[in-house]
Amino acid sequence: MLALTLALALALDPTTPPQTPRPPLRIEQGNKVLEDVDPASPELREQLRRYQSTRGAGLAGWLDKGCLLISTRFAETAQLHRVCAPNGAREQLTFYDEPIGAAVPFVRDGKRYVIFSKDIGGNENAQLYEMNLQTRGIRMLTDGKSRNGSPTLSKDGRQLAFSSNRRNGKDTDIYLLDLTREQAPPRLLVGEGGSWSAQDISFDGKMLAVSRYHSIEHTEPAIVDLKTGKLQMLPMEGKASMGGFVFDRSNRGAYYITDEPLNGKPSEFRTLRHHNETTGNITALSQSIPWDAQGLTLSDDGKLLAYQTNEGGVDRLHLLDTVTGRAIKAPQLPTGLIGGTAFSPDGRKLAIAIGGAATPSDVYVADIRSGQLTRWTHSEVGGLDTSRFITPTLIEYPTFDTVNGKPRLIPAWFYRPTCASANAKVPVLINIHGGPESQSRPGFSSIAQFLAAERCVAMILPNVRGSSGYGRNYLGLDNGPLREDSVKDIGALLDWIAKQPELDSKRVGVMGGSYGGYMVLASLVHYGDRIRAAYDAVGISNFKTFLENTESYRRDQRRAEYGDERDPEMAKVFERISPLNHADRIQTPLFVSQGFNDPRVPYTEAEQIVKAVRANGIPVSYALYKDEGHGNRKKANVDFNTEAMMTFFDYYLFNPR
């Protein structure tokens, strides 16, 4: 406890002037720069080891001979593997130091290939690669410099549409590449400016569905003629969001997910719809379900469609016969979150990645006709007894404002430990999601399970206003000048905690990443006297400097959410709400973690808040990772950071000294 002991000794030394900051104990350790970060004890490392050894499996799609392409981690990073039978061996296909991103298996001229993406050090400048599964040869398809994504293939596997900012570094355009000509450059299809992504190529290979993203509340759909490059914007009523767009097998219609008004009536949630281009008719297919639809997947022959609804944070699977228009009974799945679906080439089976609070994600295969569900992967949980894992409960707590004369209720997931004695109060760690439009959901969290089992600590994950999953109105409640209303929701949660007999309101900590990091810092500004310790990962400390320094390709999107710093009135709001401008009010021990290559929230956001809070004479630990971006993705870094964070919380929160 060298750094913490030194800080305490200097704080108690009467010869040290009050509020005089000391130089941090700085150590450069390979890829890490550490300031006042204490090493974990051998006992803590041993306790964490099994929780850090958990892994999950993600679904990429089907391969030949009934095999599946999955993503999982066996060493430092997630790589691609082939699995050919239930509980079969996982054959590793890629071997990189960096994790694999998107992966799309396909067939071209009878041969099997995979398109996959990969960046370097978390810089998010992903490149696209093609792997020949027969020869295992790999070729890079993009320029090695720009940011590329949304790989979309024609049904014959000969054409690849993708997004890229290679033209000017700011705008994300759409390109088309002929995969049969190895030296052919990609053709610019859409260069209209803004942030475009490819969605789907029609069954006849003539049309490409694309969309231009402005914000989570506003996406514009369009169709591109692949031969002529003609772009046709599709009319939408007002500003609406989209969550998927695929052509039907007639090539004269499409299935899509949107919250666009229907028949002149506002739509609070995203619903699945079908547009018949010949008749102009729009049919709502999930209008009766008061939750967001998502995860649109069509079978290879276009006769079956799968999608999910996010019902209060838990996913429900739906199947549709597109020929008859009738719903098909979906297989019974374990309660949890669906990470992806893929129909087998013959359309008889559906592969599904699903995980829950007590188990990491695994891949299952459902027989469409019988509904029989077979588990294909069993991901490891470090030898832990999963029967001891905590399943969070959904709670709702009242906040400061009202709806129809009643207090507004904020949903939150509550991991309540079972180890507390009848008369003991347990510490609480509030974990705030990022986005800001993300949603905390009951997925597997090794940290929450560790805290409950090994530290008897409760974790609460609030979905403050501005979170997705609860409708358009709730999503917009924190926009622009309303930003700090979401911070008030954390104050209301602190009030709720104080009223719970089993929770210790004197031992409450907060943690969060990205926008959640801003929420942590803002909570310290407003409610620091009720917060014992805090952890901020890649968080925004000043909205003005954040918007000025975030990568140019995402700046306008963030302005649409947060507000435009060039607007004098909005600049005043940013001046008022940015935690950096009120850092003198932060009197809570703070741990800050940051990736040096972060293109979203630059590392300067972390360094300026670290410096400002240290000027208060407050202990601040800071970890900078030179080979990471917006959050740690490499196991060694994740493990080290978790150990350091737990050491920090052990000292200041769980067993405060």
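In the predicted model, β11 and strand β12 (residues 159–164) pair in the antiparallel sense over four bridges; helices (H or I, at least four residues) and strands (E, at least two) are DSSP runs, numbered from the N terminus, and two strands pair if DSSP finds at least two bridges between them. Within this pairing, L153 stands opposite L160 in β12. The two strands belong to an open sheet of four strands, arranged antiparallel in the order β11-β12-β13-β14. Its edge strands, each pairing on one side only, are β11 (148–153) and β14 (187–190). On average, neighbouring strands of this sheet are turned by 30° against each other, direction ignored; the axes are lines fitted to C-alpha atoms, for helices over the stretch in contact, and angles run from 0 to 180 degrees between N-to-C directions. Strands of a sheet pair through backbone hydrogen bonds, either parallel or antiparallel.

The model is a predicted one, in which local features need pLDDT of at least 70 and side-chain atom pairs count only at pLDDT 80 or more, whereas totals for chains, interfaces and linings use all residues. Residues are numbered from 1 along each chain as its sequence is written, and side-chain values use heavy atoms, with hydrogens and water left out.

A further antiparallel pairing, over seven bridges, joins strand β7 (residues 100–108) to strand β8 (residues 111–118). These strands form a hairpin with two residues between them, and D109 in the turn has a positive phi of about 55°. The bridge partner of V104 is I115 in β8.

Aromatic contacts were also examined. Rings of Phe, Tyr and Trp (its six-membered ring) pair if their centres lie within 6.5 Å, with planes under 30 degrees apart counted as stacked, over 60 as edge-to-face and the rest as tilted. By this rule, the count of aromatic pairs comes to 26. The pair of F106 and Y113 is stacked, because the ring centres are 5.6 Å apart and the planes lie at 20°. With a relative accessibility of 7%, F106 counts as buried (under 20% relative accessible area; exposed is over 50% and partly exposed in between, with a 1.4 Å probe and protein chains only). Y113 likewise counts as buried, at 9% relative accessibility. The pair of Y470 and Y474 is edge-to-face, because the planes lie at 65° with the ring centres 5.4 Å apart. Y470 is buried, with a relative accessible area of 17%, and Y474 is buried with 7%. One aromatic cluster is formed by Y535, F591, F648, F649, Y651, Y652 and F654.

Charged side chains were found over aromatic rings, a charge being placed over a ring if NZ of Lys or CZ of Arg is within 6 Å of the ring centre and within 35 degrees of the ring normal. R55 lies over the face of F74, at 4.7 Å from the ring centre. R166 is placed over the face of Y175, at 5.5 Å from the ring centre.

Leaving aside neighbours within four places in sequence, S344 is in contact (heavy atoms within 4.5 Å) with W62 and K349.
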